[in-house]
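User: I would like to learn how to read the contacts between two chains. Could you walk me through it, one feature at a time?

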Amino acid sequence: MQIEVIINDKAMALRVGKAEFLADALRRYGFCSVRKGCDTTCCGLCSVWIDGQPTLSCAVLAIRVDGKTVTTLEGVAAEAEAFAKVLAAEGAEQCGFCSPGFIMTVLAMKRELTAPSDEEIIHYLTGNLCRCTGYMGQLRAVKTYLGVAKDA
Amino acid sequence: MRNVSKSVPKTDALPLALGKPVYTEDLADANALVVKILRSPHAFARIKQIDASKALKLEGVACVLTHNDVPDVRFTLAGQSYPEPSPYDRLVLDPIVRYVGDEVAIVAAVDEKTAVKAMKLIKVDYEVYQAVLDFEKAAGAASIIHPESDLHCNFDIGMKQMENVVSTHKTEVGDVEAVLAECAVVVEETYHTQAQAHAMMETYRAFSHLDHTGRLVVVSSTQIPFHVRRQLARALQIPASRIRVIKPRIGGGFGGKQTGVVEMFCAIVTLKTGKAAKIVYDRKETFGCTTSRHAMKLTVRLGADLEGYIRAVDIQGLSDTGAYGEHASTVFAVVGDKTLPLYNKTKAVRFYGQVVYTNKMPAGALRGYGATQGGFALESAVNKLAVVLKVDPAELRLKNLIREGETSVTGKTINSSALDRCIITGKELIGWQEKYPTRKECGAGKVRGVGMAVTMQGSGIAGIDTAAAEIRWNDDGNYTLLIGSTDMGTGSDTILAQMAAEVLDAELDSIIVHAADTDVSPYDPGSYASSTTYVTGMAVVKAAQELKQKIMEQAALHLAADAADLVWEREEIRTLRGDKRIELISLANLLVSGRGKMQLSGTATHGSPVSPPPFIAGFAEVEVDLATGKVAVVEYVSVVDCGTVINPNLARIQVEGGTVQGIGMALTEDVRYDRRGMMQTNSFMQYKIPSRKDVGEIKVAFEASHEPTGPFGAKSVGEVVINTPPPAIAHAVYNATGVWITELPILPEKVWQAVQKKQGNEE
Ligand code: FES
Ligand code: FES
């Protein structure tokens, strides 16, 4: 069936399967920043925004976004790059497979929270797993990026 | 130094972070056939009959392959240099299935839906056998897991095939029993370490196609492209010259991708159909149908004299390799290799035992590779010894540890070690003086304690694995560094480029790194055994030195000067007096042109006769909730000696990441099966890797040493970092609660029960 979506500020008509999940549909249409790491809504790799809200696209049927706006990492490239540079400077960009979902959540958090504490940051990002970095470097990068690092 | 020991960002960091199409699945042909595997529902059975005719008739199905359609040659999927020490005990598809999830048929169709539909149409008749699930009962069990007559071992690894014993091993120096009998204090304990999953975020995947010359091209998320090529040649019975393996960016490996898992399935489909094919394992398959860490049971006996010198170390082990013997003997040997030399006041040491087959998912390589299991047992026993001797465990270690320049009783000479300083720094960072051994009451039924452990690993496989590197000087004065090692995300490509740039006094961005493609890259066994920085790094240094010398010679010719009179500084080469000079870029241009007729390159192969150990001291502070038994890590300190740190930021992340993986192993991660051999932990719901909330605060420090056999003094860092959390956390739990947990993971129910039991005894 066909759905009408605004993806990354562009109106698009997608042909999707009845039981197809948004993550798969987005990948099929070339939004390869969308990754999947689990089948059980545990890892956060597939995080995109639906109407501005960070959402697990592996758990949303594609037909459900008919008439909505979807934002993937490709749609916030400049902002993502600004954070990615901080992440890279920290050395906390490892295999990178978790990064798009992680960055989408970080950018959403930036919109939602002002001057969050460590606990608030950790809480906000808990759904985003990473097996490589051990999280500490990501936390340092987020704090630097948000300007809440002690020495920032 | 200009490039080495600098925290430069990874050269590929931005494209990775920004979700560019750089991973295997992103690169696959959109029209590739989708490959799916029909799997065994039984832990142990023989396929009496298999009928795929209905599936084959389904529209969109390209092929269905059963054990009747594949070559009849056994092989191993272990990523090891030829001749592999792992037994050749596999077929692409075997009429005997040996665990729930073992492969029964390969289906390829135009899309996933059709492939799944086709799988359901395959009829299989099984003769079900009695499965062997308890590895302590596997040796000599009535069921013989590998009864086949064509199983082959390249070496004598002590296999007793008809007894389900894959490998028997013994290392002994001195008379352990006699020394133990003389010891004033002997502690003995049996430890269990569980199967752990790699849980890298990118699951296993590969795709394949035939190129314009009809050669098989396999693109795979693998740590071992050259070994995969060899495996495919044998498994599919085609010449290796007809195969090309390409490794794009990898979404994590941790040793899992040191085993060839999926490549043969899509490759055989491409060979049979002539079409492009791709296979992507889902998370369930990745958990349930690949490999895990070898679960082990290790009984340790430590003997010490009254002055606190450890005189005897005796470890008896049993290891569970599951259905196939990948890495069975080698992981087991490492248990002894990385424990027996650690304490060097010993007079006798021994490590011995067996590895057995069971009807569970095979075990394989996983970061730490036996040192993790051995480290938990030995270090837990040392902590227990400290309690018996009533000494500070940090002091006990400082008194007994092998030191720089010493040779262990097993004959291992340590050229570099800062482990003593690692311990001292770690004590300061965790506040050992104030916190040990006092248990701290935190109110609400919570108590805190600290614990510690030290471990060692290796750097590369001594005398076996060799890596080659080639570096070309291009017409524009840039360099292309060709290597066959595989950056799994750790930044090894960047680190190797830093080394090349250092030798050539070049800017980092003038080094183009190409890895890995078996058609183009020089041979490298791949990235495992903590070898890339140390072994491949040395090959890069040598290749760059060779190129540098060639460039100097050419500069001398062009300047009509004596090469010995020349200095190379940044962008130019000039005579000492400075009267003649040539810019590198002009020289590069001249060389490839009609005048020079010379493409310069440096090539080197390096293999090390030694595998110098990196060391780590780990300190944990935990909080135990006595009402539930739940253990939370408050703080973890990892202090590492990896020789010279080539890139401090990247090394630090390695330490943090490995520490967290170790915390997972210590507290929550556990591959479990039910009574019928079905894996219960095949999703992230049941298999708990640490999240951000589970790790407390991690502090990292380095104590540099200088390893004379390593590039710029470097050793490895990737693996050693996972080893200390299990024993250090178990120790901290003891100091908080007074109970020793000897079986990993340290689950709340185990702590709670042990505490109850202890209180019962005290009342
Ligand atoms: S893929 Fe894991 S949460 Fe969506
Ligand atoms: S960087 Fe590899 S999973 Fe996060």
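Analyst: Let's start with a term: two residues are in contact when they have heavy atoms within 4.5 Å. This is a predicted model, where local features need pLDDT of at least 70, side-chain atom pairs count only at pLDDT 80 or more, and totals for chains, interfaces and linings use all residues. Residues are numbered from 1 along each chain as its sequence is written, chains are lettered from A and ligands numbered from 1 in the order in which they are written, and side-chain values use heavy atoms, with hydrogens and water left out.

User: Which residues is R140(A) in contact with, leaving aside its neighbours within four places in sequence?

Analyst: They are E90(A) in its own chain and R652(B), I653(B) and E656(B) across in chain B.

User: Is R140(A) buried or exposed?

Analyst: Buried means under 20% relative accessible area, exposed over 50%, and partly exposed in between (1.4 Å probe, protein chains only). R140(A) has 18% relative accessibility, so it counts as buried.

User: What does E656(B) form with R140(A)?

Analyst: A salt bridge, with the closest N and O atoms 2.8 Å apart. The term asks for a side-chain nitrogen of Lys or Arg within 4 Å of a carboxyl oxygen of Asp or Glu. Between chain B and chain A the count is four salt bridges.

User: How many residues of each chain take part in the contact between chain B and chain A?

Analyst: 54 residues of chain B are in contact with 49 residues of chain A. Next comes buried area, the accessible area (1.4 Å probe) that two parts lose on being put together, summed over both. Here that is about 3,900 Å², with carbon and sulfur atoms giving 61%. M201(B), I653(B) and R692(B) supply 23% of the area that chain B buries against chain A, more than any other three residues.

User: And how do I judge confidence?

Analyst: Look at pLDDT, the predictor's confidence in each residue, from 0 to 100. Where pLDDT is low, the predicted coordinates should not be read in detail. Chain B averages a pLDDT of 97, and 100% of its residues score at least 70. The model as a whole scores ipTM 0.98 and pTM 0.97.

User: For practice, what does V16(A) touch, not counting residues up to four places away in sequence?

Analyst: V16(A) touches M1(A), I3(A), A25(A), R28(A), A62(A) and I63(A). With a relative accessible area of 5%, V16(A) is buried.
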